[in-house]
Amino acid sequence: MFDAVRNNKRIVQVFLLLITVPFAMWGLDSYMNGDGGAAQVARVGDAKITLNQFQQAMREQQDRMRSQFPGVDAKLMDSPAIRESVLNGLVDQQLLLQEVNKQRLGVSVAALQEMIANIPAFQEDGKFSQKRYEEALKSQGMSPVGFEAQLRRDMALQALIGAVGESAFVPRTVVDRVVSLQVESRQVQESLISAQALKAGVKLEAGELQKFYDENQARFTLPEQVKVEYLVLSQKNLETKVSDAEVKAWYEEHKAQYALPEERRASHILLSTDSGDKAKIKAEAEALLAQLQKNPGQFAELAKKRSQDPGSAAKGGDLGFFARRMMVKPFEDAAFSLKEGELSGLVETDFGFHIIKVTGVKAAQPKPFAEVKGEIEADLKRQSAARQFAEAAEGFTNMVYEQSDSLKPAAEHYKLSLQQSGWLTRQSGAAAGVLNHPKLMEALFSDEVIKNGRNTAALEVSPGTLVSARLLEHKPSALRPFDAVKAEIEDQLKAAKAMRAAVEQGEAKLAALKSGKQEGVSWGGSQNVSRMAPGKLDSPALAAVFQVDAGKLPGFAGVELPGVGYALYKVNKVEAGQVDPALAQALGQQLSSIAARAQVEAYMASLRQRYKVEINKAALATKE
């Protein structure tokens, strides 16, 4: 079952995101505990999206943005556009979930098990590892139960949206036409009216420079700047030592934690209740169980013939070895209550009725001390550093506040180096390094620091990192004198006027060319360009060239090139290009992707009409 999904790397990558990123939809906490009674930011049908869920999704989106764009301005990550995008994502996911539930789309135990077993993050030496599985989930604060429930739901959502996208169709004639347009080439000549060449002849009126300066003073105002000294108290830099005796003692006290869990190997026969009369299916299962109780040796043969789980039926119902919490609870409870070789009674789950036979038992095995010593030592060091940091953080915070006229006492007491920044503005961004934190930057430009000369509070700029700073030098915002910027203004005004003159001349010449007057234009050499190979033409110029009517040659086009001038183009010849089969296939796939995306967008729009969606904009604007 789900072989197509298992073999599709793109889909597997989608599920890998569940390991590296906390639940983007609702979060584990809301899966386990409901909405927590939080304020509502949206309602989709009968379900609501709470403020807690929205804020969790916002944090996860911001974390992804920070990892992709280090130093990005915090304000950009909390912009109205980002908030709207995150909320729309939550709404779309809830719409899909409700449609999945309405259509009763589900995922079998075998399909779920197969998907988990084939995720590389859970494997060692190419095989599923229960230890890796549990460690990966634990590192993200997830339990196997919560993760598997989320994964089953996401597999169902993927199946639904995949079916919608696959229903899109791009006719072959459309693909052929797009391919022919891409490879079509045009022979063109260019004539450039250079703004730089016209600049020398530009004359400015008396008082024009002063007027521009007076009307645009904000452009010539230097921002407020500060130079500061600061201390960084970091958990990472705390020295921790753990003795071998401590590591050994921890191992002896927590042996169970480092044991390989008990595993069972089982085979099963599933009679699905997805369709048909449940009572009738149960009666069939009871008859099959009675037959097996009389002749247990028929299990593999009957599984191949009767089991409705394609993932295991062909293997005589064999599911391989699995640990606790790898199966749904009724199935797990039954399998782990049986001895090797024993047959269960009927076991009912959401998928139907199972008959289970345990074919192997692996008892829990403690790992040798030598194998886990390094892991325990690292854990104990982290715990020790966290304790030291927690203790130091409180004292550090109090000291920089109580002795607010200097950072030296805190530096000496905690053996920290006083560091100095360069000149900083409120918009320094990543250049501010560890000081690039919105609350810290706000404090650096506050009256408490600038006017009163006090330390900033100790602020946590990242997990396990506290920073306090104080002012060394301050430069208030200042307007640059006219004489200092006069030459700059003159250059800007002449360049702008030269550009306008180039455009005026170019548009006049283009009009003359189109009316049949080709005198006075000096054309450069010919070049062949296509949409696939634009040569030296930028996008606006290329678009202008391909808008020329191919039936009336020579044809002419013109385009403004900002900061450069105005370019005229003469199209002399149009030729059909050679179609590369690989290119045609690639473009066909791109068009299919575009069509699928449009199909999905239309489908989502129809769901929004089918299920009433209400947005609480007031609650959405609430900040943490």
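The structure is a predicted model, in which local features need pLDDT of at least 70 and side-chain atom pairs count only at pLDDT 80 or more, while totals for chains, interfaces and linings use all residues. Residues are numbered from 1 along each chain as its sequence is written, and side-chain values use heavy atoms, with hydrogens and water left out. The secondary structure of the protein chain comes to 24 helices and 21 strands; helices (H or I, at least four residues) and strands (E, at least two) are DSSP runs, numbered from the N terminus.

**Overall form**

- The C-alpha trace of the protein chain spans about 110 × 80 × 50 Å along its principal axes.
- The protein chain has a radius of gyration of 35 Å, whereas a compact globule of 624 residues would have one near 25 Å. This radius is taken over C-alpha atoms, and the globule rule is 2.2 Å times the number of residues to the power 0.38.
- Of the 624 residues in the protein chain, 40% are buried; buried means under 20% relative accessible area, exposed over 50%, and partly exposed in between (1.4 Å probe, protein chains only).
- Among contacts in the protein chain with a separation of 6 or more, 73% are between residues 24 or more positions apart; a contact means heavy atoms within 4.5 Å.

- Helix 5 (residues 80–103) has 24 residues and reaches 35 Å from its first C-alpha to its last, close to the expected 34 Å. The expected span is 1.5 Å times one less than the number of residues.
- Arg104 follows helix 5 and has a positive phi, near 55°.
- Helix 5 packs against helix 23 (residues 581–610) at an angle of about 75°, with the axes 10 Å apart. Axes are lines fitted to C-alpha atoms, for helices over the stretch in contact, and angles run from 0 to 180 degrees between N-to-C directions.
- That angle makes helix 5 roughly perpendicular to helix 23; under 35 degrees counts as roughly parallel, over 145 as roughly antiparallel, 65 to 115 as roughly perpendicular and the rest as oblique.
- The residues of this contact divide into 6 nonpolar, 2 polar and 5 charged. Ala, Val, Leu, Ile, Met, Phe, Trp, Tyr, Cys and Pro count as nonpolar, Asp, Glu, Lys and Arg as charged, and the others, Gly among them, as polar.

**Helix 12 with helix 17**

- The axes of helix 12 (residues 244–253) and helix 17 (residues 369–402) come within 9 Å and cross at roughly 105°, so helix 12 and helix 17 are roughly perpendicular to each other.
- Their contact has 7 nonpolar, 1 polar and 5 charged residues.
- Residues of helix 12 that meet helix 17 include Trp250 and Tyr251, and those on the helix 17 side include Phe369 and Ile376.

- Ala498 lies in helix 21 (residues 482–514) and is buried, with a relative accessible area of 0%.
- Not counting residues up to four places away in sequence, Ala498 touches Ala195, Leu198, Lys199 and Val202.

**Backbone features in loops**

- Most residues other than glycine have a negative phi, and most peptide bonds are trans.
- Asp125 has a positive phi near 55°, sits in the loop between strand 3 (123–124) and strand 4 (127–128), and is exposed at 80% relative accessible area.
- Lys415 also has a positive phi, of about 55°; Lys415 is exposed, at 73% relative accessibility.
- A cis peptide bond joins Leu553 and Pro554, with omega about -5°.
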